[in-house]
Amino acid sequence: MEYLLVIVTSYLIGSIPNGLIIGQKFYNVDLRQFGSKNIGATNAYRILGPWPASWVFLTDAIKGIAGVLIGQYIGQTAVAEMFGGMGAIAGHNWSILLGFKGGRGVATGLGVIAMLAPKVTIIVFVIWVIIVCFTRYVSLASIIAAALVPVSMWLLNSRQEFFYFGVLAALFVIIRHRPNIERLLTGTESKIKAGSKTEP
Ligand code: G3P
């Protein structure tokens, strides 16, 4: 029963569409109409620029941190923390407030991983930055970084529960990148560039 409470609470927090709220309230822009049409920090960077993107990233990451803290507080076990993290990522990716649509789960997932496995966070973040710098494809960097989460957890002997979480979280992130994967394969994925709002 406690685990269910953790999952539902963290899912509801994860469902808060920060990118959409920040875009609409402060810039009068619905991110779902522009660029990749994603509500995450990458599309906020692409359409609105670095500052709004930083806020979207930070607030989305906080949802992941909150999910784990909810697990800690209510369930008080590693499994509860993991469920809290999963709930937050699921809420972000399939938000109840957006008709079960949502983002890709990268920033929220990073917030969760930062709480569960800080060393893994540093490793995958550094790899993510290197790939973005070399290719300018954020999606490619996110997909590879997500896949490397369980691998790094395994190499660093993280708790078994967290390793399973890493596998599931990586799957959640990769599944949500399906449109990006299709664009990458057809050579139509856009390279990252700040504040380049295009027509819907
Ligand atoms: O974190 C999301 C990123 O990997 C892709 O974002 O807007 O290019 O679909 P976007």
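**Close-up 1. Salt bridge between Arg 32 and Asp 30.** Asp 30 counts as buried because its relative accessibility is 14% (buried means under 20% relative accessible area, exposed over 50%, partly exposed in between, with a 1.4 Å probe and protein chains only). Its partner in a salt bridge is Arg 32, with 3.0 Å between the closest N and O atoms; a salt bridge is a side-chain nitrogen of Lys or Arg within 4 Å of a carboxyl oxygen of Asp or Glu. Arg 32, at 35% relative accessibility, is partly exposed. The count by this rule is five salt bridges. The model is predicted: local features need pLDDT of at least 70, side-chain atom pairs count only at pLDDT 80 or more, and totals for chains, interfaces and linings use all residues. Residues are numbered from 1 along each chain as its sequence is written, and side-chain values use heavy atoms, with hydrogens and water left out.

Close-up 2. Glu 182 pairs with Arg 178 in a salt bridge whose closest N and O atoms are 3.9 Å apart. Both lie in helix 10 (residues 178–186), and because they are four residues apart, about one helical turn separates them; helices (H or I, at least four residues) are DSSP runs, numbered from the N terminus. Glu 182 is partly exposed at 48% relative accessible area, whereas Arg 178 is exposed at 56%. Arg 183 forms a salt bridge with Glu 189, with the closest N and O atoms 2.7 Å apart. Arg 183 is partly exposed at 23% relative accessibility, and Glu 189 is buried at 9%.

**Close-up 3. Largest nonpolar core, around Met 153.** A nonpolar core is a set of buried Ala, Val, Leu, Ile, Met, Phe, Trp, Tyr and Cys residues joined through side-chain atoms within 4.5 Å. The largest one has 20 residues, of which Val 120, Met 153 and Phe 165 touch the most other members. At least two residues each come from helix 5, helix 6, helix 7 (118–135), helix 8 (138–155) and helix 9 (160–176). The most come from helix 5, which gives five. Beyond its neighbours within four places in sequence, Met 153 has contacts (heavy atoms within 4.5 Å) that include Ile 113, Val 120, Phe 162 and Phe 165. Another core, of ten residues, lies apart from this one and includes Ile 22, Val 29, Ala 41 and Val 56.
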